[in-house]
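Thank you all for coming, and please have the sequence and the model open while I talk.

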Amino acid sequence: MDSVKNSNILDKILKKYANPQRSDLSKILLDVQNEFGYLSEELIRKVSNFVGVSATETYGFASFYSMYNLEKPGKYVIRACKGTACHVKNANRLIRDIENYLKIKPGETTKDGLFKFEVSSCLGVCALAPVLIINDKTYTRVNSKIVKSLIDEIRRGNSSGS
Amino acid sequence: MGRKQPIIVCSNSGCVSSGGIDIFITLYSEIFNNPNLIEKYEVKKGGCHGFCEVGPTVIVGDEKVFYIKVDTAKAKDIINEHLINGKIIERYLFFDFETKKRVPYYDDIPFIKKQERLLLKSSPFVDPEDFVDYMKYDGFKALETVLDKYQPLDVCNMILHSELRGRGGGGFYTGKKWLIQAEQIAQPKYVICNGDEGDPGTFMDKYLMEGDPFRILEGILIAGYATMSNCGIVYLRKEYDLAVKRMENALKILYDKKFLGYSVMGRPFAFDIKIEYGPGAYICGEETALFASIESKRGNPKVKPPFPTERGLFDNPTLINNVETYANIRDIINLGVEEYLKIGTAESKGTKIFTLSGSIKHSGLIEMPFGVTFDSIINDIGGGMQKLKFKAIQVGGASGGIIPISDINEQISFENLAKLDSLLGAGGIVVLDESTCVVEMAKYYIEFAQEESCGFCVPCREGTQKLLKILNKIIDGEGQLDDIEKIRSISSFMFETSLCGLGREAINPVISMLKNFDQELKEHIKDKKCRAGVCPRLVKYVINKESCIGCGACKLICPVNAITGIQGQYHTIDREMCIRCGQCYKICPKEAILRS
C-alpha cells in the first residue's frame, strides 16, 4: 500500500522533468529528498533509471555533498558550528558534550529517530559565537547547559505529545 | 503631512537569531494601532549595520537613535517613552567603556564612526525586501547610466581602469576578466555570482546577500551588459536560508518590474538571472568545481587553462566573480573611476569588507579602505581585547595565515599580505588571545582542509592527512625535531603539485606557524609544553595546598569526578582520572589550581 503511494508521489515529481538531462540530476534528487526526507537506495535507483545514469554514479554524486541525506534523518537536526570564531570560543567542548549527551557522533541519528547531529564548518554567524542551529532556528552564544536544556525540552515535548 | 520618520529594525540573520522579527512585529502592530503614531512613524526592516554583537537593534528617526539588545518589553518602552513622550531611553543605549558614557546616536557609535564605508553605507537603512526603498538610495542609477550612455566594452574598460580586484581571494583584476568574456562569441554566455562562502570565520557574502540583495543583482546586470552575456546565475549555499529567501524575493520583484527578462528597463538588452544552490561542499567555492556541481557532477576541480571565460559552465564562456566584487560595481559607476581610484593603496583600490570575530570586544562586519592597519581594526574599531592579552590574528580563513603581534602595524592590502605569507582570502579576521595555541590552530585548519579536500588529486588528499598526523603527534607530546623538516617538505610538495587553490593554499596556516611561531612549536616538541594550556596531553593541573580553601567549587565542576577532598580542607586531583579539561582551573576563586 505504502510503496504504491510512494511510487505515485515519485512519478509526480519525475513528470516535471519531461526530457531529463544529466544536469537535472541535482534538482531531481533535491525534489525527491524534499518529499521523502532522504534518498533511499530504492529512490536512488529509480531516479538514476529515469535520468539514464548508473546508480553508482548517482550515489557518488549524492554522497559527495552534505546537502543530500542518504539515511533517514532525525526529526530534529542539530547543527553545531565549528568555524574559527566558534572554535576559539570552545566549540570543541560543546560538540563533545552534545556527543556525550545524545550518545551519538556527528552525522549519526539517535536510535529513537528524534535527533540528528551534524557539525558545520561555518554557519556565518561568527560575531555571536558559538552558534548552533536546530532545524531552522539559530541559537547564538550557546553553552553546554543551554544545549542540554534545549534537548531536554524537545524530548519532553515529544514524549508528552505522543 | 510631512514625511514619516523611519523606525528601522535590523533584519539580518545575526539580529533575527536573537529575536529581531518579534521586535519588528511588536513595533509594527503597536504603532499601527495608535492613530497618533502611525501618522508620524513608519516601521521597516533594515539591512545589516555590522554590529551584530549588540543585536537586535532598532534605529529611531532621522537623528538615528540607536537602541541595542532590544527585546519585546524594551520595544514597548521605546514606544511609550521615546515615541509618545519624546524622551531618549538612556538605559537601552550603547555604553562606551572608553568614555564611560552612553552613546545615543548611531553615527557616533565608535564601532561605526571609525569605519569608512562605501558598500555598506546605505544598507542599514534600506529594507532588503523592498524595491521602492532601494530605488530611493540611488538604486539602479548605475545600471541606467550604463545602458544609456556606454557601449558594453566601455563599461569593461571602466572597470579595468578602476583597478577593481576580485574580492573572493584571488585578487585578479576584474576588468581583465570582463574584457576576455566580452570577446567570446559562443552562446549562451554565463555570468555567475559566487556566493558559496564557506571559509571558517567569514560571513560578508552572507550579510551582503541578506542585507542588500538588489545591489548584488544590479552588479550582475551591469556585468551581463558589459560582457554581452545573457544568462546570470546566483550560486549560494542552501544553508544560508535567509540569504536564499531575500535573493528569491529580489529576483521575483525584478522580473515583475521588468528589470530582468527580454528587455531590461525597456532597453534592448535581454538578461535572465536564476538561483543555483550549492549542495554543501567547501571545494565548490573553487570555480571549476562550482561548475561541476551545477552540471550535477562531483565537485572535482579541473586544470586551468582553459579559463572559465573561455570554457566554463557547460563548456561555455563564463564570467565568475565573488558577491562583494559585484557589490562594488554600482559604486564605481556612480562615483566615477577617478573618485574610486582615490580610495585604497597603490595596488589595491577601493574598500574591503572584513568580518571581525574572536576574542575581541566588538565583533561584526566592518568596511575600511585598503591600507588600513591591523592595529586600527583591532584597537580602534574592535575596541581592543576582551580579557586576555593579544596573541595573533588569523586572516583569510583556511587559506590565510596566522600573523603575530609584531606585524600588527602592517597594512592590509593584496600586495602587503602576500609579503607576510598570508592571503587576504575573503577577508575574515579572527583575533586570537593568549589562550589560543597556534599549533592547535594550525592543526584545526589542516583538519578542515583534510575534511574538505575533494580527494581527486593525490598531493592534497594525502598531504593534508600526513600533515594532520604529524601535527596531532606534536600536540600529543610525541613530536620530534625532524617533524619540522617533514612539515616543510610536505607543504612545499603540496604547494607545487596540487591541482587547485584549496590544496595549494591549505598549507598557509602551517607555513605561517613555522615562520612566526617557531619558538612555541619547538616548546611543544622539545619541552613538551603548551604555553596556552590548550593541548591536553601537555598540561598538568595540581592544587596548591597552601592556597586551597576547600570551597569545593572544583569538585563540583569536574566532569569526571577526579577531584576529592572534604569541605574546608585542601582538595587533590587524581592525575590518572583527570582529562585536563581545565574547568577547575577556570572556576577556582583563589587561583589555587596550578597549570604546568
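Predicted model: local features only at pLDDT ≥ 70, side-chain atom pairs only at ≥ 80, totals over all residues.

Let me begin inside chain B, where domain 2 and domain 4 bury about 880 Å² between them, with 75% of that area on carbon and sulfur atoms. Buried area here is the accessible area, taken with a 1.4 Å probe, that two parts lose on being put together, summed over both. Residues are numbered from 1 along each chain as its sequence is written, chains are lettered from A and ligands numbered from 1 in the order in which they are written, and side-chain values use heavy atoms, with hydrogens and water left out.

Chain B is divided into domain 1 (5-113), domain 2 (131-340), domain 3 (351-433), domain 4 (438-527) and domain 5 (540-595), with bounds that come from an automatic or database domain assignment. The centres of domain 2 and domain 4 of chain B, taken over C-alpha atoms, are 35 Å apart. Where these two domains of chain B meet, 10 residues of domain 2 are in contact with nine residues of domain 4, contact meaning heavy atoms within 4.5 Å.

How many salt bridges does the rule find across the interface of domain 2 and domain 4 of chain B? The rule finds zero there, a salt bridge being a side-chain nitrogen of Lys or Arg within 4 Å of a carboxyl oxygen of Asp or Glu.

Now let us turn to the two chains, where 53 residues of chain B are in contact with 39 residues of chain A. Chain B and chain A bury about 3,400 Å² between them, 52% of it on carbon and sulfur atoms.

One of the pairs to look at is A:K82 with B:E451, whose side chains meet in a salt bridge at 3.2 Å, N to O. This pair crosses between chains, from A:K82 in the loop between strand 1 and helix 5 (84-88) of chain A to B:E451 in helix 18 of chain B; helices (H or I, at least four residues) and strands (E, at least two) are DSSP runs, numbered from the N terminus. A:K82 is buried, with a relative accessible area of 17%, while B:E451, at 45%, counts as partly exposed. In these terms buried means under 20% relative accessible area, exposed means over 50%, and partly exposed lies in between, with a 1.4 Å probe and protein chains only.

Another pair is A:R79 with B:E239, which meet in a salt bridge at 3.5 Å, N to O. Here the partners are A:R79 in strand 1 (residues 76-81) of chain A and B:E239 in the loop between strand 8 (231-237) and helix 12 (241-256) of chain B. A:R79 is buried at 17% relative accessible area, and B:E239 is partly exposed at 25%.

Finally, please look inside chain B again, where B:R91 and B:D77 meet in a salt bridge at 3.7 Å, N to O. B:R91 is partly exposed at 47%, and B:D77 is partly exposed at 21%.
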